[in-house]
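These notes are meant for someone opening the model for the first time. Please keep the sequence and the 3D view at hand while reading the points below.

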Amino acid sequence: AHVEARAAVSRDAASTAFVRTRRDHLLRVAYALSGDRSGAEDLLQTALVKLYVAWPRLRRAEAAEAFVRTTMVRTTIDDSRRPWRREISTAEVPDRPMEPVEPVDAGLLDALLGLAPMQRAVVVLRHWLDLSVEQTARELGISTGAVKTHSHRGLAALRASREIAGSAPSHRTS
């Protein structure tokens, strides 16, 4: 019993240290996946709870971070498939606007959120977090060819949305 208690204390200390050092970065990733601060916080919390349970199986901090990213991506994709997630409630206006985690180009964020969930996950992992094709494939549990396809289509959709936004007529009056 004493050995188990010591292992639990060690797990608590190690997982707490990991969260302290990586929370802000992981929250930014969650924000890119979810599009709003409260959704990002919920997404990260879900992933961190699952990380705590899996902690004894993980050997390195890199594995813990990859585990959290993968969990956030899969949770985002799973949630996007639920019918209630497609509903948008606008009956109540928040007391104050939610501030983004970090300054983000609103147009780019809107375009990113317009991508299919897997395309968004691939674009965030590959091009924002700069993971390799192989690392992205491993984290998402898909082939490298699928990563390349989702990346190509996602970037093309982002470029198209930026071009459309850039070509929109100006509403300025002289």
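1. A definition comes first: axes are lines fitted to C-alpha atoms, for helices over the stretch in contact, and angles run from 0 to 180 degrees between N-to-C directions. Helices (H or I, at least four residues) and strands (E, at least two) are DSSP runs, numbered from the N terminus. Residues are numbered from 1 along each chain as its sequence is written. This is a predicted model, in which local features need pLDDT of at least 70 and side-chain atom pairs count only at pLDDT 80 or more, while totals for chains, interfaces and linings use all residues; side-chain values use heavy atoms, with hydrogens and water left out.

2. On the overall make-up, the chain has seven helices and zero strands, and from the N terminus on its elements run α-α-α-α-α-α-α. Of the 174 residues in the chain, 30% are buried, where buried means under 20% relative accessible area, exposed over 50%, and partly exposed in between (1.4 Å probe, protein chains only). Among contacts (heavy atoms within 4.5 Å) between residues at least 6 apart in sequence, 64% join residues at least 24 apart.

3. Helix 5 and helix 6 deserve attention next. They pack at an angle of about 135°, with their axes 10 Å apart. That makes helix 5 oblique to helix 6, given that angles under 35 degrees count as roughly parallel, over 145 as roughly antiparallel, 65 to 115 as roughly perpendicular and the rest as oblique. The contact is made by Met118, Ala121, Val122, Leu125 and Arg126 of helix 5 and by Val133, Thr136, Glu139 and Leu140 of helix 6. These residues of the contact of helix 5 with helix 6 divide into six nonpolar, one polar and two charged; here Ala, Val, Leu, Ile, Met, Phe, Trp, Tyr, Cys and Pro count as nonpolar, Asp, Glu, Lys and Arg as charged, and the others, Gly among them, as polar.

4. Helix 5 itself covers residues 117-128, and at 1.5 Å a residue its 12 residues should span 16 Å, which agrees with the 15 Å between its end C-alpha atoms; the expected span is 1.5 Å times one less than the number of residues. Within helix 5, Gln119, Arg120, Ala121, Val122, Val123, Val124 and Leu125 are buried.

5. Aspartate 130 lies in the loop between helix 5 and helix 6 (133-140), and it counts as exposed because its relative accessibility is 63%.

6. Helix 3 also packs on helix 5, at an angle of about 160° and with the axes 9 Å apart, and the two are therefore roughly antiparallel to each other. The contact brings Arg69, Val73, Thr76, Ile77 and Ser80 in helix 3 against Pro117, Met118, Arg120, Ala121 and Leu125 in helix 5. The residues of this contact of helix 3 with helix 5 divide into six nonpolar, two polar and two charged.

7. Arginine 69 counts as buried, because its relative accessibility is 9%. Leaving aside its neighbours within four places in sequence, arginine 69 is in contact with Leu26, Leu125, Leu129, Leu131 and Glu139. Arginine 69 and alanine 30 are 39 residues apart in sequence, while their C-alpha atoms are 8.2 Å apart in space.

8. On its other recorded partner, helix 2 (residues 37-54) packs with helix 3 (residues 61-80) at an angle of about 130°, their axes being 9 Å apart, and that makes helix 2 oblique to helix 3. Residues that meet here include Leu43, Leu44 and Leu48 in helix 2 and Phe67, Val68 and Met72 in helix 3. The residues of the contact of helix 2 with helix 3 divide into 10 nonpolar, four polar and one charged.

9. Lastly, glycine 154 lies in helix 7 (residues 144-167) and is buried, with a relative accessible area of 0%. The C-alpha atoms of glycine 154 and glutamine 119 are separated by 5.2 Å, although the two are 35 residues apart along the chain. Beyond its neighbours within four places in sequence, glycine 154 is in contact with Leu115, Gln119 and Val123.
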